[in-house]
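User: I would like to learn how to read a structure like this one, feature by feature. Please give the general idea each time, then the case at hand.

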Amino acid sequence: MKKIILFLIMGVILSNCGYTPIFSSGNSNFYIEEISLNKNDKINKNVEKNLKIFSNEQSINKIKILIGTEKITTVITKDKKGNPSRYEMKITTTLRLTHNGNQKNEKQFVASFNYKNDSNKFNLKQYENEIENLLISKIIEDCLSYFSASISDY
């Protein structure tokens with residue numbers, strides 16, 4: 001009985017350890033004043049939507065962003081019959097950041113993933129959509145780190 005009570009007390013203490021996510025919305029030190037897209041496609045809109053979530057309207061650091069993305073899916077290996085057996089999806093995002101009227105250099109972010117072919121094309125398309133979303137999340141994470149570092153340089 002004492003072990004159960006001790007276990008419950010330890011669980012309560014450890015569950016309240018004060019964990020907060022690094023990139024939670026509202027904790028950022030920048031406000032995205034304007035986002036421009038070089039193409040009006042699905043990936044650019046997804047990047048734009050995810051970046052706006054982390055914008056903090058109370059911040060004095062106002063930034064403008066020009067976003068350009070490119071998705072390339074290539075065949076890496078083929079089987080004996082010449083059919084694709086492995087693919088690589090690569091998403092490249094180029095950002096041009098302007099902070100309080102000062103132009104920053106362009107920064108490029110790249111995320112890639114290798115995956116197997118699936119004979120069921122519907123399942124393959126669903127899997128590719130999941131991979132695309134994960135790669136965009138990785139790029140967003142890298143962008144937020146870049147914004148925080150770039151703004152602190154001023």
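User: In which helix does N46 lie?

Analyst: Helices (H or I, at least four residues) and strands (E, at least two) are DSSP runs, numbered from the N terminus. N46 lies in helix α2, which covers residues 42-53. A note on the source: this is a predicted model, where local features need pLDDT of at least 70, side-chain atom pairs count only at pLDDT 80 or more, and totals for chains, interfaces and linings use all residues. Residues are numbered from 1 along each chain as its sequence is written, and side-chain values use heavy atoms, with hydrogens and water left out.

User: What is the mean pLDDT of the chain?

Analyst: pLDDT is the predictor's confidence in each residue, from 0 to 100. Here the chain has a mean of 82, and 83% of its residues reach 70 or more. Over residues 22-26 the pLDDT is below 50, and this stretch has eight contacts in the model beyond near neighbours in sequence.

User: Does N46 count as buried or exposed, and which residues does N46 touch?

Analyst: Buried means under 20% relative accessible area, exposed over 50%, and partly exposed in between (1.4 Å probe, protein chains only). N46 counts as buried because its relative accessibility is 15%. Contact means heavy atoms within 4.5 Å. Not counting residues up to four places away in sequence, N46 touches N133 and I136.

User: How many salt bridges does the structure hold?

Analyst: A salt bridge is a side-chain nitrogen of Lys or Arg within 4 Å of a carboxyl oxygen of Asp or Glu. The structure holds five. One of them joins K52 and E48, with the closest N and O atoms 3.5 Å apart. The two are four residues apart in helix α2, so about one helical turn separates them. E48 counts as buried, at 14% relative accessibility.

User: Which elements hold R96 and E106?

Analyst: Their side chains meet in a salt bridge of 2.3 Å, N to O. The pair links distant parts of the chain: R96 is in strand β3 (residues 84-99) and E106 in strand β4 (residues 102-116), 10 residues apart. R96 is partly exposed at 33% relative accessibility, and E106 is partly exposed at 46%.

User: How far apart are the closest N and O atoms of K138 and D142?

Analyst: They are 2.9 Å apart, in a salt bridge. K138 and D142 are four residues apart in helix α3 (residues 121-152), so they are separated by about one helical turn. K138 is partly exposed with a relative accessible area of 39%, as is D142 at 24%. Elsewhere, salt bridges that share partners join K42, K71 and E132 into one network.

User: Which residues touch the most other members of the largest nonpolar core?

Analyst: In soluble globular proteins, nonpolar side chains tend to be buried together. A nonpolar core is a set of buried Ala, Val, Leu, Ile, Met, Phe, Trp, Tyr and Cys residues joined through side-chain atoms within 4.5 Å. The largest core has 28 residues, of which L51, I65 and F147 touch the most other members. The elements giving two or more residues to this core are β1 (31-37), α2, β2 (62-78), β3, β4 and α3. Helix α3 gives the most, with 10 residues. Leaving aside neighbours within four places in sequence, F147 is in contact with F30, L51, I63, I65, L95 and L97.
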